[in-house]
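Here is a short report on helix packing and the ligand shell. Please look over the structure first.

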Amino acid sequence: MKNILNLSKKELEEYCTANGFKKYGAEQIMRWIYQSRIFDFSVMSDISKDLRRKLDEDFYVKLPEIIDVKYEKDGDGYSKKYLIKFENGDIAESVSIAHKNRKTLCVSSQVGCRMGCVYCETAGMGFSRNLTSGEIISQLLTVENDNSDKITNMVFMGMGEPLDNIAEVEKALEILSNDKFIGIAQRKITVSTCGLINVLENFDINAYKYKLAISLNAADSETRSFLMPVNKKFPLEKIADMVNLKKPSLHNKITLEYVLIKDLNDRIEDAKRLIKLFSPSKVKINLIPLNKDENSVYLKNFERPDDFTIDKFKTKLSNAGFIVTVRFSKGGSINGGCGQLKAQMLKY
Ligand code: SF4
């Protein structure tokens, strides 16, 4: 027996036809599961009894278990960090961030991560495994179940490097963005990456409306290699070459994520290098002042720049024509901010 959440529409269609049922049965089943949130095959009334019986023999639907929730009020919004336990006992984290009408869910794509960024809590766990598409989607199903509120936006910025698990992430995106199923518009989903050029090169930016965010975090290769060892394999300059060759339309400019760290990457020379490397017509820049965590062994050696330095850095980039935003990461005090996600234990 398999968890049916791990099947794509195509795989379910193949299952239906291979067992002598109509291909369309797959869409009906998926509408029940993802739109109506009915997980009991026997009550899927527009599906033939034979198919329902067969589904009962071969599949089940199981959501992960919430084992901990931490809540933080933030102005007129809030963040909730969920510790989620999958069927095999592995733990991952998802964070929901509510602000006015927007409810964003930050999902994990792997248990742990092998990219080793020095400022990241998840890196300290090492890599355990890729999450399946069903485990990615079920983070949304589980959180919506808990909150009885619809998620409006998604970001793949939780534990793991999404492009290191591209096959399962793509499978999940297909169901998440299909308006017959979960129906979150592609332009409201952001996939973030530390810059795996080998995957990005094959990514046709105009074929989709997903937003792409590249964690840059430094304007020279030496600093970036220190912060993000992946830079030794896929250097900053190569990322710039690749981005500058893309032809993004206005709505899907790539966002460069840049965590500002005092005296390391926050100098005016760093801003000047960014201006030299990238074109304002290709990228937006999101500055994230370091989300300092005194309890973290990974972050305690770094400091957040002062407001004056942050503003000077931003102004330099804005004056060069870049769209620049400063994001003060939400969820900081519950360790749910970017680069701070880490399951407390791998197995419960
Ligand atoms: S920042 Fe992202 S890519 Fe880097 S180690 Fe952490 S989870 Fe992995």
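## Helices H4 and H5

The model is predicted. In it, H4 passes H5 in a right-handed crossing. The axes of H4 (residues 133–147) and H5 (residues 166–177) come within 8 Å. They cross at roughly 45°.

On the H4 side, the contact uses Ser-133, Ile-136, Ile-137 and Leu-140. H5 brings Glu-168, Val-169, Lys-171, Ala-172, Ile-175 and Leu-176. By class, the contact of H4 with H5 holds 7 nonpolar, 1 polar and 2 charged residues.

## Helices H1 and H2

H1 spans residues 9–18 and H2 spans residues 25–35. Their axes come within 8 Å and cross at roughly 125°. H1 is therefore oblique to H2. The crossing of H1 past H2 is right-handed.

Lys-9, Leu-12, Glu-13 and Cys-16 make the contact from H1. Gly-25, Ala-26, Glu-27, Ile-29 and Met-30 make it from H2. The classes in the contact of H1 with H2 are 5 nonpolar, 1 polar and 3 charged.

## Ligand shell

How many residues surround the ligand, and which are the closest? The shell has 12 residues. Closest are Cys-113, Met-115, Cys-117, Cys-120 and Ala-123.

By class, the shell around the ligand splits into 7 nonpolar, 4 polar and 1 charged.

Technical notes. Residues are numbered from 1 along each chain as its sequence is written. This is a predicted model: local features need pLDDT of at least 70, side-chain atom pairs count only at pLDDT 80 or more; totals for chains, interfaces and linings use all residues. Axes are lines fitted to C-alpha atoms, for helices over the stretch in contact, and angles run from 0 to 180 degrees between N-to-C directions. Helices (H or I, at least four residues) and strands (E, at least two) are DSSP runs, numbered from the N terminus. Angles under 35 degrees count as roughly parallel, over 145 as roughly antiparallel, 65 to 115 as roughly perpendicular and the rest as oblique. A crossing is left-handed if the near helix is turned anticlockwise from the far one by less than a right angle, and right-handed if clockwise. Two residues are in contact if their C-beta atoms, placed from the backbone, lie within 7 Å. Ala, Val, Leu, Ile, Met, Phe, Trp, Tyr, Cys and Pro count as nonpolar, Asp, Glu, Lys and Arg as charged, and the others, Gly among them, as polar. A residue is near a molecule or strand if its C-beta atom, placed from the backbone, lies within 6 Å of it.
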